[in-house]
Amino acid sequence: MMKKILFYCQYLTGMGHLVRSTEIVRQLVKDFQVYCINGGPTVPGFEIPSQVEIATLPPLWIENGQLQVTDGFANIEEVKEARRNALINLFDRFKPDCLITEFFPFGRHKLFFELIPLLDYIKAVAPSTKIICSVRDIVGRTDLDKEEETICQLTSKYFNCILFHADPKFQKLEESFSRVKDLNCKVKYTGFVAQSSPENNDLSEFDLANLNRKEPIILVSIGGGIIGYDLLKYVIQSSSILRKKLPHHIQIFTGSFMPEEQFLQLKQAALSKSNVTLQRYTSNLMAYMRKADLSISLTGYNTTMNILRTGVRSLVVPIGHYSYDKERVIRTKKLEKLGIVEVIEPEDLEPAYLAKKIMNCLLKIQIQKQIISSIFKVQKKTTFFLKELLEKSVLTAA
């Protein structure tokens, strides 16, 4: 009988955590029975693997540093109680061999109200259940020293293993978390998690028309869309300069979570630009990355993996969700040093300079970039570590 994994995914400001979690469970379902808990807002058109059982909690997200609730609930306390009860009921019904928490305890501390009761409940009623943290390549917060002790205490008390989704040749956990030796549980490097093509790979008429353009394609994307508005605004403004200089077409994806007011402003600005097409979202972003002559983006984890996997020429702007979040800056500096991307600092964004950088990128002779080999090994490594943990029970808290 297949071992059972309960995978908890909560994205609060964008959809990067959802994308990475989906790629992990896409591979895990080949060897495990997987139940995925989704605690964030619905992303229209986003595809979860059909073999995965899904439970959706009353959505929570963050605006201006505060948790926000969806319509239909009176207040945040009502949502907290509903989610807390739902998690324990799901655990009782599914009876997993393993719980995986995405990013917690390195983040998600605003969700202590539901995660600590769940972990305490598991320890009380099912102490043999393995508890694992799945975490990206860079923790990235400059104020982390205030919470490092709490993180160490949580891992020592609850966790059996940390799956760190990076290549140690590129990024080690201790580079963004100084107290690795105090975590008191195993840390396993899985390699990077790279996005795959959707199961339903039928391209829409819109996608087919754009991907079959004869002129060079400049792809502009900003992940979920909560941040990055200014980049898209300046790209649209620079399109008037670019149109006079060289043949091209700019395809922009704003992200599902961009506020409606901002989306309408960009849509209005793009109406008069014959060389610009603007949409909210596509499930076929990888097809655009492979086709594009230039990708312009922020440097979130998933976009970086797409750049590495496709080798597309890339111009990036390291804009983070918060002033204290240095994840994208750290990743960008390393990629720039390796010659994988060209960088525009956020303070340098303005139409003329952006147009010049775009033209320089398009006119350069493309240099084939060396792809980090372990990017393609993450699925096998993640599955291997989990099978080792669940079947041999050799990884336990020290």
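Two strands pair if DSSP finds at least two bridges between them, and helices (H or I, at least four residues) and strands (E, at least two) are DSSP runs numbered from the N terminus. The views show a predicted model, in which local features need pLDDT of at least 70, side-chain atom pairs count only at pLDDT 80 or more, and totals for chains, interfaces and linings use all residues. Residues are numbered from 1 along each chain as its sequence is written, and side-chain values use heavy atoms, with hydrogens and water left out.

View 1. Four bridges join strand 8 (residues 161-164) to strand 9 in the parallel sense; cysteine 161 has lysine 186 of strand 9 as its bridge partner.

View 2. Axes are lines fitted to C-alpha atoms, for helices over the stretch in contact, and angles run from 0 to 180 degrees between N-to-C directions.

**View 3. Packing of helix 3 with helix 4.** The axes of helix 3 (residues 112-125) and helix 4 (residues 148-158) come within 11 Å and cross at roughly 25°. The two helices are therefore roughly parallel to each other (angles under 35 degrees). Phe112, Ile116, Leu119, Asp120 and Lys123 of helix 3 meet Thr150, Leu154, Lys157 and Tyr158 of helix 4, contact meaning heavy atoms within 4.5 Å.

**View 4. Packing of helix 6 with helix 7.** Helix 6 (residues 229-243) packs against helix 7 (residues 260-270) at an angle of about 10°, with the axes 10 Å apart. Helix 6 and helix 7 are therefore roughly parallel to each other. Tyr229, Leu232, Lys233 and Ile236 of helix 6 make the contact with Gln262, Gln265, Leu266, Ala269 and Ala270 of helix 7.

View 5. Threonine 277 counts as buried because its relative accessibility is 15% (buried means under 20% relative accessible area, with a 1.4 Å probe and protein chains only). Leaving aside neighbours within four places in sequence, threonine 277 is in contact with Phe206, Asn210, Arg213, His249, Ile250, Gln251 and Ile252.

Definitions and conventions
Angles under 35 degrees count as roughly parallel, over 145 as roughly antiparallel, 65 to 115 as roughly perpendicular and the rest as oblique. Buried means under 20% relative accessible area, exposed over 50%, partly exposed in between (1.4 Å probe, protein chains only).
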